[in-house]
Amino acid sequence: MTESQRPQNKLAKHAVNVHKFGGSSLANAQCIERVVDIIRQNCQLNDIVVVSANGKTTDSLFAILAHTDSADLTAALSELEQQQLLLINALLNEKSSKQLTQLLSTDIVQLRTWLSNDIIQHRNDILAYGELWSARLLSALLNEKICPSNSVDARDFLVIDNEQNCAVDHALSSAQFKTRLQFGKLAVITGYISRDSRGKTCTLGRNGSDYSATIIASLVGAHNVTLWTDVDGIYSADPRVVPNARKLHRLPNGVAKELGRLGNPVLHAKTLMPLVNENLSHHCHLHVASSFDSQVAGTEIGTFGHIAKQELSVTYLNDLILAKSTSFIGDSVEDLTENLGANLFRKALVEFTPICADAKQGFIVINQSQQKALSQWLASHDIEVTFIPTAIIATVGHNVAQRGDIKARFKRSLKSAQPLFLVNSKNNHSVIAVLAEPCSTELLNKVHHDMTKDSRHIGLLIAGLGNIGERFLELLPAQLNRIYALENTHLVGLLSSKKALINNDGIDVNQALSLFKQAAKPYNNDELLSWLSNHPYDELIVVDITPSEDFSLLYQDFLTRGIHVIGANKWAASSDTAHYNNLVNTADRNNSLWLGNTTVGAGLPINYAIADLNNSGDTITAIAGIFSGTLSWLFETYDGSTAFSTLLINALEQGITEPDPREDLSGRDVQRKLLILARMAGFELSLDDIDCTNLVPENLQRIGREEFLARANELDDYFADALADANKKASCIRYVARLNVDESGNIQAKVSLEVLPQTDAFANLTPCDNIFQISSHWYQENPLIIRGPGAGRDVTAGGLHSDLVNICQQLAHKQHQVKIKGLN
């Protein structure tokens with residue numbers, strides 16, 4: 001394929017990132033095609049790809065090593081060859097397929113020779129073929145479909161001391177690596193394998209390809225390493241065993257390293273070593289993502305602030321041995337310098353890198369496979385030791401050993417298990433319980449529940465920093481401190497119409513506005529949506545306190561991404577029927593919550609009341625009331641002693657009306673509010689179905705604001721006449737919204753100026769109050785009435801906080817499904 005014929009991709013000649021693909025990500029032709037697409041979308045030409053063996057190839061090679069029967073060996077080799085041929089023929093064109101088939105045939109001949117003559121000498125050479133074949137195949141496919149590529153055998157540059165330590169000769173490996181890279185070609189490198197200083201093939205252990213990827217990142221100074229695997233991140237427990245495990249979106253380096261050491265199924269124990277080297281001049285972040293769902297944000301490992309440092313997880317290891325001796329006992333591990341036994345204990349820590357150790361109790365815990373070596377080592381020093389089969393369960397998090405509340409909770413959760421010992425890790429990132437029995441599924445789930453039940457992190461983004469937005473932020477610190485449902489809610493974003501301040505590590509709620517003024521930067525909607533698509537929280541809530549129709553058009557994008565919306569903004573809830581229904585359906589499909597209590601009635605619980613009646617089985621037959629605080633003030637105050645225009649200008653000067661009072665007088669705001677309530681009640685209605693009386697004469701509707709204000713006295717005669725006619729009937733004038741449903745189900749809805757008796761419930765309100773009257777099957781003779789302030793910064797901000805608490809309470813019971821595609 002020529003360069004012009006290749007599909008468009010994002011490869012360019014800059015940046016160095018490392019992408020590692022695990023065996024399950026490369027298991028079959030479909031998986032490999034998916035990987036090619038990920039490379040097209042996420043890699044750049046000078047990036048580096050590291051691969052594991054395809055699927056279970058390494059397991060097959062281990063099985064072949066164990067064959068003693070010649071016929072069985074021949075059959076196993078033939079099956080292995082056929083598996084590789086299937087991949088080659090399914091993916092490559094005729095020319096490439098022929099080349100790789102010939103190379104494979106040569107490899108199989110070499111395998112037979114080694115297996116027949118000297119298995120022990122060539123054991124690691126045999127195991128290396130899985131990665132070699134995988135890199136060769138992927139590179140050939142990239143050459144056909146994406147870009148120039150070359151496969152690199154890591155043994156040609158990567159040098160370690162031995163298989164036990166796997167310590168890298170950084171200077172030599174780096175120098176040799178530079179000679180293997182070909183400019184303008186995407187390198188596909190074998191994971192898992194290397195050489196020692198004598199030139200012998202070495203492996204880096206199970207899941208060693210992850211370690212290969214981070215070693216290579218350190219050699220080239222990469223800023224990011226992505227481990228593409230079969231789960232979409234690292235979880236708070238093994239998701240195969242704990243169904244309620246939650247994704248850990250961001251992990252500090254030290255915590256991730258401790259998780260890998262203590263048996264996390266995704267993290268190799270040595271993976272992070274090259275990335276936390278203090279001698280490196282840059283910070284490298286590690287990402288864990290799913291090749292089966294590449295659009296889902298995975299887990300990022302690196303340097304973060306307080307939100308990421310609050311994460312907790314639980315891990316376990318069975319099949320361990322506790323080695324205990326009185327000769328080991330000392331005041332502390334660091335103080336073991338006084339006697340032979342103590343010195344030997346200290347050396348044992350270096351020699352066997354135990355899971356945990358306690359000098360005061362005189363024991364270390366190791367893997368069962370190490371028991372024989374440790375026994376011989378101690379016997380040579382004439383030390384008596386007792387071995388006890390054990391297991392461990394640990395809670396892991398940033399400095400958990402220093403957090404008394406976490407340790408106390410961990411102890412309580414283990415009460416029934418009666419652990420033998422409780423040990424702090426040396427780095428303080430874990431508290432480890434040593435168990436006399438294997439850790440059961442039941443115990444793991446119980447401890448996980450007790451440790452992580454309150455650990456969900458909710459990000460909060462506030463859009464609109466005007467009068468009400470400022471008041472919302474003023475109330476937020478106290479709310480976060482006293483409302484249990486908000487315990488793990490963090491302010492992470494502030495938006496005005498033109499600027500944004502977004503901080504994944506959280507924004508200090510006590511200084512939010514001043515921080516916004518200092519650090520906010522211009523943004524556009526694409527940049528905002530890009531951040532929202534990759535936010536590192538369990539849930540994200542956008543609080544829309546803007547009057548912007550343009551911002552409301554983003555709701556579709558928010559809800560599609562599973563983001564929850566609290567809206568004081570009326571535009572979306574009163575949009576055309578097709579758009580509104582699409583928003584509701586999108587929210588349902590993506591388990592997104594959309595609340596808008598303050599779109600009508602500020603903080604009054606009218607939406608809650610309607611929802612409660614519907615959910616309880618009642619049927620609403622009528623909704624009526626005065627829904628505008630501005631029009632409430634105008635008509636409660638207007639008694640004819642002052643011209644209506646004078647009153648209107650006075651209201652404008654007090655901030656009671658919109659900047660252009662025609663917005664209030666048009667009735668459109670009331671019309672939208674009635675539509676919102678109608679939809680809340682279950683009626684399918686559009687704005688056109690609601691008759692609306694515009695109180696502005698037609699000749700004043702289309703002129704400029706200043707001209708309208710100058711001619712406002714043209715309103716006076718109309719309102720004076722309407723008031724005089726009402727007074728003759730011992731009545732008053734009020735701007736009223738009404739919706740009625742007849743017995744046949746027909747709906748009549750209008751907003752208009754009405755003449756009401758002075759005894760009417762709508763006639764005697766405190767100026768600016770709203771009133772809502774609901775008739776239903778349960779409330780027929782005596783309708784339900786809700787009355788109170790329908791505007792104002794305090795009540796509106798309070799209504800928004802009510803929605804925030806409501807939404808967080810609902811999210812506390814939400815469960816995310818863990819996506820596993822065959823985790824090994």
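Which residue takes a positive phi just after α20? N591 does, with a phi of about 55°. Before we look around that spot, a word on the model.

This is a predicted model, where local features need pLDDT of at least 70 and side-chain atom pairs count only at pLDDT 80 or more, while totals for chains, interfaces and linings use all residues. Residues are numbered from 1 along each chain as its sequence is written, and side-chain values use heavy atoms, with hydrogens and water left out.

**The whole chain**

The chain holds 29 helices and 32 strands; these are DSSP runs numbered from the N terminus, with helices being H or I of at least four residues and strands being E of at least two. Its C-alpha trace spans about 115 × 70 × 55 Å along the principal axes. Of the 824 residues, 53% are buried (under 20% relative accessible area with a 1.4 Å probe, protein chains only; exposed is over 50%, and partly exposed lies in between). Among contacts with a separation of 6 or more, 72% join residues 24 or more positions apart; contact means heavy atoms within 4.5 Å.

**Helix α20**

Helix α20 covers residues 577-589. Its 13 residues should span 18 Å at 1.5 Å a residue, and its end C-alpha atoms are 18 Å apart, so the two agree (the expected span is 1.5 Å times one less than the number of residues). T577, Y580, L583, T586 and A587 are its buried residues, and they pack against the elements below.

| Partner of the buried residues of α20 | Residues |
|---|---|
| α19 | 555-560 |
| β26 | 594-595 |
| α25 | 668-680 |

**The sheet**

Strand β26 also belongs to an open, mixed sheet of 7 strands, ordered β23-β22-β21-β20-β24-β25-β26. Its edge strands, β23 and β26, each pair on one side only; two strands pair if DSSP finds at least two bridges between them. Inside the sheet, β20 (458-463) and β21 (489-495) run parallel over 6 bridges, and L460 has L491 in β21 as its bridge partner. Helix α16 (512-519) lies across β21, β22 and β23, at about 115° to β22.

**Two crossing helices**

The axes of α7 (170-180) and α8 (208-220) come within 10 Å and cross at roughly 80°. That makes α7 roughly perpendicular to α8 (65 to 115 degrees; under 35 is roughly parallel, over 145 roughly antiparallel, the rest oblique). Axes are lines fitted to C-alpha atoms, for helices over the stretch in contact, and angles run from 0 to 180 degrees between N-to-C directions. Here H170, S173, S174 and F177 of α7 meet I216, S218, L219 and V220 of α8.
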